[in-house]
Structures are given as structure tokens and as C-alpha cells.
Amino acid sequence: MVHDFDGILYPRIDTTKCINCKVCIKACSVLNKKESRFPYYTIAAFNKNNNIRKESSSGGIFTLVAEKIINEGGVVFGARFNNNWDVIHDYTDNIENLQWFRGSKYVQSCIGNCYSIAKTFLDKNKKVLFTGTPCQISGLRQYLGKEYDNLICMDVICHGVPNQLVWQDYLREQKQILWNKDISYRDISFRNKDNGWKGYNIRMLYVQNGYNVSDKVYSHSEPFYNNTYMTAFLNNLSLIPSCFSCHAKCGKSGSDITIGDFWGVDEILQEFDDDKGCSIVLCYTEKGNKMIESLKMQCKEVLYSEILKHNMCIEQSVERPLYWGLFYKLWIILRFHKALKIIRTRNLVIRIVRRTYILLACKNGI
Ligand SMILES: Cc1cc2nc3c(=O)[nH]c(=O)nc-3n(C[C@H](O)[C@H](O)[C@H](O)COP(=O)(O)OP(=O)(O)OC[C@H]3O[C@@H](n4cnc5c(N)ncnc54)[C@H](O)[C@@H]3O)c2cc1C
């Protein structure tokens, strides 16, 4: 995998070693597109354990499914932070460790060699729950190339994923902007629910280097709509380019279950709207159905067409913003905060320069 000039990782074939077997073409989920599928049924649901629900982004359904798999002797794959606050895929067979995977991390997770590890478990007849974005599930399915009775795949409804290097840049700058000290990150939550689920915060805990951890813990929390990283994410500026034409949405990922936020719950199902987090669960297969029926949770069936009105990301890719390319170019030169400021400013002169750049870029086919 090689970073291109935008810092995005792509596979590159080493032609000196290639034996032209074309396995990479057969295993590519972008080249081997699947048909759209629609869920058998859709439910609104949440975990009855309020502590787990608070730690989760939506209704805490991921943890319910994962606990069941581990209790049956299986392993669970998901996305976690590593020591450097990169997001990576990993696995566990321990319920305590599920906290690693709980909560959405709005960064592209590095899949590493998780597909081949999952295959090893599957071939040994161990139950495997593989969770991730639709494209990651689609990649796993294509890599495995056959059905396994002991595999259950669960993806998240996905807005798109930002580039890891933009995330690392944001972390480095944010630390400098907020604290004029030698400080490290101690905890990061993209979906802190202290102010409720709908108006969630992004919360970071920091510890001053060289001090006893309990002495010097600093906290910074702000609503997602005031946070610069979330602004770039939700305006699609920091997304990787493949997210603008996702091949795995609309059931094409091959997952058994899809989970997401039940946006619109206040209109559709007021009795589930306590602002502590509610999930939407889409069931695509008999295996998924069996799993959902076995879970002890608060749930009620809702119409797919209703939830789609509030969550178009289930079926459609988000739009590439006009200034996406410009944001990436500016980010490479000026880094994250300055690039975002130029893209978002209402200053007339900068707006004219921005527009002129776009017109020239279009004219020159860039
Ligand atoms: C990048 C991203 C974009 C999303 N966009 C939407 C959206 O537009 N609409 C919507 O309704 N829901 C979206 N979600 C899903 C939503 O935020 C919740 O993750 C989902 O509802 C599950 O919540 P939960 O409470 O059941 O479990 P949680 O404990 O909150 O979810 C944990 C699950 O998310 C997975 N996960 C976390 N971060 C990543 C990551 N970076 N890459 C891959 N998997 C990850 C974990 O592996 C685990 O399976 C998105 C999630 C991610 C990660």
C-alpha cells in the first residue's frame, strides 16, 4: 500500500514480482460489483444497559451482537485507536476489550492483515463477527470468495471516511492551539453524549507529559457543529475520493446486518426518543434475522422508506464538494486549520480567488 500525493493509501503492484495470476482482479470488490439488496425488515432498537448505550454512538447494538458472539466462543473484529491515535482494525475474544471498538471513529480504519486472520479463524470453525464500513465488508466477502456458516458480517451506515493523515494533522495542530504545554492525548470520543445524543460533543482528554497521570488531566469538549474536524468531515471536505462513488452501499456490501443512527426518531417513533441514542437495524439475510431475534433489546419494527428519508447515506454516496480538491491542495501546503479557514471564510477577496481557481481548474480539466 502506497500513499499518493494526497496522503491516501492505494494498492500498487510491484511489477518485478507480479506473476500475472490476476488474483488481485478477482479479489477486487470495486471491479466485481454486486447487485443492490433491500432489507427484509428494519427495526428501531437500543441496548437496555444505559452505561453501554452512553459509551456507544447510537443505541449500543454493536455491543449486544458482539457479546453474543464472544459468549458463544467466537471472535469480533472492529475498528479501534492504536497508541498513536491512528484507527486500525483489530480483533478480540474478550468481552472487556469490546470497549476498544465501541463508538464511531470518523477516520478511515487501516484493515492491515485482518482479512487473512479472519479467514484463519473461519477455517478453524470459530464463529467470527466482522464489523466495519460497507466497503470493508465488501472487501472481506470478495477476499474470502465463498460463504462461511460461522461468519456474520455487520456494517455501519456510512457517511464516508476521512483520510488518516488529515486526522493526524488535526490532532497535532489542535494540541498546539488549545494547550501551550507538552501534552499527550489520553482519550478521544467522537460521540460523547454528555449533552445528549442529537447534540453530541467531540471530547478529548489530555495529560501533561512528565506528571503523574491523575494530577494533570485536561478535558476539551465541544458540540460537533463547532468542531473544525467534524466541520470538514460533515461537509465532505476530508473524505477520501472513493467515498463519492461508493460501490458498497444499498446492500451491495454483502453484510447480514447494517446498523446506524435512527435520525428522525423524534418524528417517526417518539416513544423511543429519550436522547440517549437509538439505532436503526437493517436485516438482510436469514443469518442476520436469527441474530437479531436472539438479542435482548428494546425494539420495534419501522418502515424502511421512512428511515431512508432521514438517512440517505444508506443508499447514496455523499456529493463531492466544489472545493474538495482545493482543500486537499491547501492542506498539503498550509496544513489542516489554515486550509479549512480558507475554504470556509466569507471574506470577499478570498471568495473571488477561490472561485477563480475553480474556474481555471475546470477549464484546464484538473
Ligand atoms: C465513518 C463512519 C460514518 C458513519 N456514518 C453514518 C451515517 O451517515 N448515518 C448513520 O446513521 N450512521 C453512521 N455511522 C454509524 C453510527 O455512527 C454508529 O456507528 C452505528 O449506529 C453503530 O452504533 P452502536 O451504538 O450500535 O455501536 P457503536 O459502539 O457506536 O459502534 C461501534 C461499531 O462501529 C465500528 N466502527 C467505528 N469506527 C469505525 C471506523 N472508522 N471504520 C469502520 N468501522 C468503525 C466498530 O467496528 C463497531 O462495529 C457511521 C459510522 C462510521 C464509523
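**A tour around the ligand**

Start by selecting the ligand: it sits in the second largest pocket. Here a pocket is an open set of points on a 1 Å grid over the protein atoms alone, where a 1.4 Å probe fits, with protein on both sides within 12 Å along at least five of seven lines; sitting in it takes more than half of the molecule's atoms within 2 Å of its grid points.

Before going on, note that this is a predicted model, with local features needing pLDDT of at least 70, side-chain atom pairs pLDDT 80 or more, and totals for chains, interfaces and linings using all residues. Residues are numbered from 1 along each chain as its sequence is written, and side-chain values use heavy atoms, without hydrogens and water.

Next, show the shell: 35 residues surround the ligand (a heavy atom within 4 Å). The closest are S57, S58, S104, K105 and N311. By class, the shell holds 13 nonpolar, 18 polar and 4 charged residues, with Gly counted as polar.

Now colour α3 (61-71), β4 (75-81), β6 (128-132) and β11 (257-261), which each supply at least two shell residues. β11 gives the most, with 3. These elements are DSSP runs (helices H or I, at least four residues; strands E, at least two).

Then zoom in on G103, where a backbone N or O atom lies 2.9 Å from a ligand oxygen. At Y106, a side-chain N or O atom is 3.3 Å from an oxygen of the ligand. Move to G260: one of its polar backbone atoms is 3.3 Å from a ligand oxygen.

Methods:
Polar contact = N/O pair within 3.5 Å; in protein donor to acceptor, adjacent residues only side chain to side chain. 1 Å grid on protein atoms, 1.4 Å probe; cavity = no way out; pocket = protein on both sides within 12 Å on 5 of 7 lines; lining within 4 Å.
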